[in-house]
Amino acid sequence: MKDFDLKTKVFFGENALDHLLQKKSKNAMIIADPFTVKSGLIKYITDRLDKGNIPYKVFDDVVPDPPLEKVTVGVKAALEQKPDCLMAVGGGSAIDFTKAVKMFAHRADESFNPKFVAIPTTSGTGSEVTEVSVVTDTVKKTKYPLCSKELIADEAILDAVLVKTVPKNITADTGMDIMTHAIEAFVSINHNDFSDALAERAIKLCCRYLCRSYSNNEDFEARQEIHVASCMAGIAFNSAGLGLNHGMAHQLGAMFHIPHGRANAMLLPYIISYNSNIRDMSVPQEQYPPCVKKYCEIAASLGIINFNEVSTVRSLMNYLKIIAKEMNMPSCIQELGSVSKEEYFAAIDQMAEAALVDATTQTNPRVPTKEEIVAIYEDLWDFE
């Protein structure tokens with residue numbers, strides 16, 4: 001038996017932020033990243049709270065890849081304020097940070113149970129509708145996913161006005177994160193008809209609007225559709241799970257601070273090749289892994305199906321490479337220019353061990369060995 005549920009009420013479309021005018025909060029705590037505050041984006045939220053006479057305080061001591069020591073500071077601030085509404089405003093780090101604060105504050109004081117509203121200012125993580133938060137142990141250089149129903153937001157507000165000024169490189173990184181979320185959810189061992197429908201639609205929206213969104217900040221339609229695609233992909237993987245792509249990308253972020261979406265984008269063709277067992281020199285087979293049919297379904301929905309499974313999966317991999325290249329994304333670690341070959345290869349064994357036990361790897365359609373993960377990391381250094 002399978003189940004599918006959605007706790008979060010989603011508000012989207014033009015003027016979605018006006019929902020804040022209907023809030024009945026008497027003591028709101030806004031957790032936002034510093035950029036959201038300094039850039040003035042926060043005023044889209046605070047102006048509406050002021051108009052609705054809702055008292056609030058802003059906590060902005062948030063950094064990318066939320067470290068546990070920063071979360072502790074946030075928990076202390078939350079327990080001192082005791083808000084009845086906790087608002088996360090920002091990218092995935094701000095939302096993940098808020099989730100962790102909410103969880104640990106409740107563990108410290110069971111009476112702490114504010115309404116949780118997530119308002120993303122980037123399109124990519126889908127964190128506004130998931131039960132997962134990723135925090136970082138900076139000492140061990142490891143990312144830890146927290147997973148609990150209590151981390152799911154009560155409400156999510158998707159307003160494209162908050163993402164229209166996102167820089168090109170962030171648009172590319174977060175957009176390919178959406179693509180990876182959707183593809184991994186679609187081929188996950190826990191996929192279902194509901195998650196498939198949302199994942200497939202998210203993939204289509206990304207292919208149709210991502211490069212448009214990247215090339216033109218003023219293309220409001222593209223920005224809105226990518227914002228919605230991010231949420232759809234989040235709902236899909238919250239139900240179906242992810243895979244090895246994310247398990248390996250988490251380690252690249254923790255070890256070398258490679259932006260998460262960029263790490264996912266570089267890995268994606270390699271993981272599709274690994275899962276399907278289809279490589280450059282592959283020939284048609286009598287029987288394929290079940291995920292090959294799923295990859296072919298994705299290709300068919302995008303109109304790039306070819307005359308057999310091997311050529312179709314290759315076409316999908318090439319199509320994804322082209323999208324990344326059009327957004328000037330690196331195709332391998334060497335192209336990043338920020339990591340030396342010596343330090344990268346020295347870290348591969350540790351990253352492979354961590355990727356093997358990463359929670360997201362557990363729903364991958366092919367069960368990997370440490371040696372296979374090592375080989376993928378090695379191939380990822382220099383694209384051939």
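Helix H3 (residues 68-81) lies across strand S2 (28-32) and strand S3, and its direction makes an angle of about 165° with that of S2. Here helices (DSSP runs of H or I, at least four residues) and strands (runs of E, at least two) are numbered from the N terminus, axes are lines fitted to C-alpha atoms, for helices over the stretch in contact, with angles from 0 to 180 degrees between N-to-C directions, and contact means heavy atoms within 4.5 Å. The model is a predicted one, in which local features need pLDDT of at least 70 and side-chain atom pairs count only at pLDDT 80 or more, whereas totals for chains, interfaces and linings use all residues. Residues are numbered from 1 along each chain as its sequence is written, and side-chain values use heavy atoms, with hydrogens and water left out.

The sheet to which S2 and S3 belong is open and consists of six strands in the order S1-S8-S5-S4-S2-S3, with parallel pairing; two strands are taken to pair if DSSP finds at least two bridges between them. Strand S1 (9-12) and strand S3 (56-59) stand at the edges and have a single partner strand each, so one side of each is left without a neighbour in the sheet. From one strand to the next the twist averages 20°. In general, strands of a sheet pair through backbone hydrogen bonds, either parallel or antiparallel.

Within this sheet, strand S4 (residues 85-90) has six of its six residues buried, so it is largely enclosed by the rest of the structure; buried denotes under 20% relative accessible area, exposed over 50%, and partly exposed in between, with a 1.4 Å probe and protein chains only. Cys-85, Met-87 and Val-89 point one way from S4, while Leu-86, Ala-88 and Gly-90 point the other way, and all are buried. S4 pairs with S2 in the parallel sense over five bridges, and in this pairing Ala-88 of S4 is the bridge partner of Ile-31. S4 also pairs with S5 in the parallel sense, over six bridges, with Val-89 standing opposite Ile-119 in S5. Strand S5 (residues 115-120) in turn pairs with strand S8 (residues 155-158), again in the parallel sense, over two bridges, and the partner of Ala-118 there is Ala-156 in S8.

The largest nonpolar core comprises 48 residues, and those with the most contacts inside it are Met-179, Tyr-295 and Leu-316; a nonpolar core is a set of buried Ala, Val, Leu, Ile, Met, Phe, Trp, Tyr and Cys residues joined through side-chain atoms within 4.5 Å. At least two residues of this core are supplied by each of helix H5 (168-187), helix H6 (193-215), helix H7 (220-240), helix H9 (260-276), helix H10 (290-301) and helix H11 (309-326). A second, separate core has 27 residues, among them Leu-252, Ile-271, Tyr-344 and Ile-348. When residues up to four places away in sequence are not counted, Tyr-295 touches Ile-183, Val-187, Ile-271, Ile-272, Asn-275, Ser-276, Val-313 and Leu-316.

Helix H13 (residues 341-357) has 17 residues and reaches 25 Å from its first C-alpha to its last, close to the 24 Å expected at 1.5 Å a residue, the expected span being 1.5 Å times one less than the number of residues. A kink of about 40° in H13 is centred on Ile-348, where the bend is the angle between axes fitted to the seven residues ending at a residue and the seven starting there. Tyr-344, Ala-347, Ile-348, Met-351, Ala-352 and Ala-355 of H13 are buried, and what covers the buried residues of this helix includes helix H8 (244-256), helix H12 (333-336) and helix H14 (370-381).

Asn-245, in helix H8, is buried with a relative accessible area of 0%, and, leaving aside its neighbours within four places in sequence, Asn-245 is in contact with Thr-180, Glu-184, Asn-264, Leu-267, Leu-268 and Ile-271. Arg-262, in helix H9, is buried with a relative accessible area of 19% and touches Asn-169, Asp-173, Met-329, Pro-330 and Leu-336, not counting residues up to four places away in sequence.

By contrast, His-257, in the loop between H8 and H9, is exposed, with a relative accessible area of 64%, and the phi of His-257 is near 60°, a positive value in a residue other than glycine. Asn-328, in the loop between H11 and H12, counts as exposed at 63% relative accessibility, and the phi of Asn-328 is near 55°, likewise positive in a residue other than glycine.
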